[in-house]
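Hi everyone, thanks for having me.

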Amino acid sequence: TEHAARKASEAAAARLRAMVQGLAAIVWEAEWRPNGGSDGRGCLRFTFVSDRAEELLGHPAARWCDDADFWPTMIHPDDRDEALAYTGDRTAAGVDHDLTYRAVAIDGRVLWLHQVVHVVTGLDGTPVAAQGLTVDVTEQKRAERSAALLAETGRLVTQEGSAEDRLRDLARLVVH
């Protein structure tokens, strides 16, 4: 009957919410607004953000939905323009995409986030929404940087030249 169907639907929705909230990733959905950005470009207006956003970044998940301008401010200033342009261009073109960028948590920590985006299109093929999954890849980025630093250190130590030149190059590497 209708009551049983509603109860089954509510149970399925509760299971889905529990699954999404249990993931070690931010799950989100946003409307695509073709001319909604402050620069006249399109922008995403978040309609759902899982609680993992607050656990990871400290900002309440509701803030993403309540403040259309919030997501850009959370992106690290050095990555902001490129991340927004790339996301805007790919979403406007109706193309699924992924990107990695730095974000600033509420306590000032800088994290690397990898975002996978599925663009939802209407019957006419124009983008209407985006659905995404965002994961913290900070540890992987640190491991990559450590490996690169080790490789460069090995190269500098074994290169030709005086010990003084090699030490100067190593000091320059460490400072950077």
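So, what share of the contacts in the chain with a separation of 6 or more comes from residues 24 or more positions apart? It's 40%, where a contact means heavy atoms within 4.5 Å.

Quick housekeeping. This is a predicted model, where local features need pLDDT of at least 70, side-chain atom pairs count only at pLDDT 80 or more, and totals for chains, interfaces and linings use all residues. Residues are numbered from 1 along each chain as its sequence is written, and side-chain values use heavy atoms, with hydrogens and water left out.

Okay, the layout: there are 7 helices and 5 strands. Those are DSSP runs numbered from the N terminus, helices being H or I with at least four residues and strands E with at least two.

Now look at strand 3, residues 97-104. Buried means under 20% relative accessible area, exposed over 50%, and partly exposed in between, with a 1.4 Å probe and protein chains only.

Strand 3 runs antiparallel to strand 4 (residues 110-121), with 8 bridges joining them; strands pair if DSSP finds at least two bridges between them. Thr100, for one, has His114 as its bridge partner. In the hairpin, 5 residues sit between the strands, and Gly108 there takes a positive phi near 95°.

Last stop: Arg109 forms a salt bridge with Asp107, closest N and O atoms 2.8 Å apart. That term means a side-chain nitrogen of Lys or Arg within 4 Å of a carboxyl oxygen of Asp or Glu. Arg109 is partly exposed at 39%, and Asp107 is exposed at 53%.
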